[in-house]
Amino acid sequence: MKTSTGDQNPGTLWGVGVGPGAPDLLTLRAVNKIASADLVAYVQNAQGFSLSRHIARQVFENSSRNPDQQELSITLNMSKDRQLINSRYDQAAKEMAEFLATGKVVVFLCEGDPLFFGSFIYLQDRLQEHYPCQVVPGISSLNCASAESGVPLTLLDENLAVVSSRSSDQDILNALEKFHSVAILKAGPALSRLLQLLEQAGRFEESIYLERLSHDDQKIVTDLSLLVGNTGPYFSLLLTTRKERPLR
């Protein structure tokens, strides 16, 4: 990792995982790092709402927060236009670099874990050549899904695959065939297609659907037939595990 040179030591960029949604699922390290940062950055939607900041809202209300702390909101639409998204990350990286170059500590809030499908990855890629980048891990949606449903992800000789709903039909079918446990992330918008693939793979009845985990409106559906013809939010997943497991 390269860092900038000169009299001024560069600041550090921290990717801080705030977990899946419940404010009390933040780690103590995450709370302390957010409270002490010189700049806290986060993604917000076109309406000005930031889920990651909302999850960490109690830290911003804490009296021990750095009184000189500044905030940087990065407006992103849920779009597949990577050129537009990349331009926003480019601009955000430049603004963060202005703080880092003067030795300031910058924290970027990320839902779940920063390096597990996290938006922090794109800023790390742009800044790590010149500035130190570190991560505070957060509870991922996958771990939360296991905890909330009481379904173990793996045990003994079982294996686990994590795939995106954006994967091809064949890639998803291959995972369902080869792995004991399969988590399909961002399942809601593609729910109809994914349910058909689970049926095709013979794993429809081995699967459960979970959305907005640890939020007040969390939903867990164990009978997927109730979801046929429906869609769900972006923050959702399907979890498939074998019925017969080596428990004894």
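Is Glu 71 buried, exposed or partly exposed, and what is its relative accessible area? In this predicted model, Glu 71 is partly exposed, with a relative accessible area of 34%. Its salt-bridge partner is Arg 65, and the closest N and O atoms of the two lie 2.9 Å apart.

Salt bridges were searched for throughout the structure, and 9 were found. One of them joins the side chains of Glu 158 and Arg 245, with an N to O distance of 2.6 Å. Glu 158 belongs to the loop between α6 (141–149) and β6 (160–164), whereas Arg 245 belongs to the segment after β10, so this pair ties together parts that are 87 residues apart in sequence. Both Glu 158 and Arg 245 are buried. Another salt bridge links Arg 193 to Asp 169, again described by its closest N and O atoms, which are 2.6 Å apart. Arg 193 is located in helix α8 and Asp 169 in helix α7 (residues 169–178), so the pair ties together parts that are 24 residues apart in sequence. Arg 193 is partly exposed at 28% relative accessibility, and Asp 169 is partly exposed at 38%.

Strand β8 (residues 207–211) is largely enclosed by the rest of the structure, because 5 of its 5 residues are buried. Burial applies to both faces of β8: Ser 207, Tyr 209 and Glu 211 lie on one side, and Ile 208 and Leu 210 on the other. An antiparallel arrangement with strand β10 (residues 236–240) is made through 5 bridges, in which Ile 208 has Leu 239 as its bridge partner. β8 also pairs with strand β9 (residues 219–221), in the antiparallel sense and over 3 bridges. Here the bridge partner of Glu 211 is Lys 219 of β9.

The loop between β8 and β9 contains Ser 214. Ser 214 is not a glycine, yet has a positive phi of about 70°. Its relative accessible area is 15%, and Ser 214 is therefore buried, the cut-off being under 20%. A positive phi, of about 60°, also occurs at Lys 186, another residue that is not a glycine. Lys 186 is placed in the loop between β7 (181–185) and α8 (191–200), and is buried with a relative accessible area of 15%.

Definitions and conventions: Residues are numbered from 1 along each chain as its sequence is written. This is a predicted model: local features need pLDDT of at least 70, side-chain atom pairs count only at pLDDT 80 or more; totals for chains, interfaces and linings use all residues. Side-chain values use heavy atoms; hydrogens and water are left out. Buried means under 20% relative accessible area, exposed over 50%, partly exposed in between (1.4 Å probe, protein chains only). Helices (H or I, at least four residues) and strands (E, at least two) are DSSP runs, numbered from the N terminus. Two strands pair if DSSP finds at least two bridges between them. A salt bridge is a side-chain nitrogen of Lys or Arg within 4 Å of a carboxyl oxygen of Asp or Glu.
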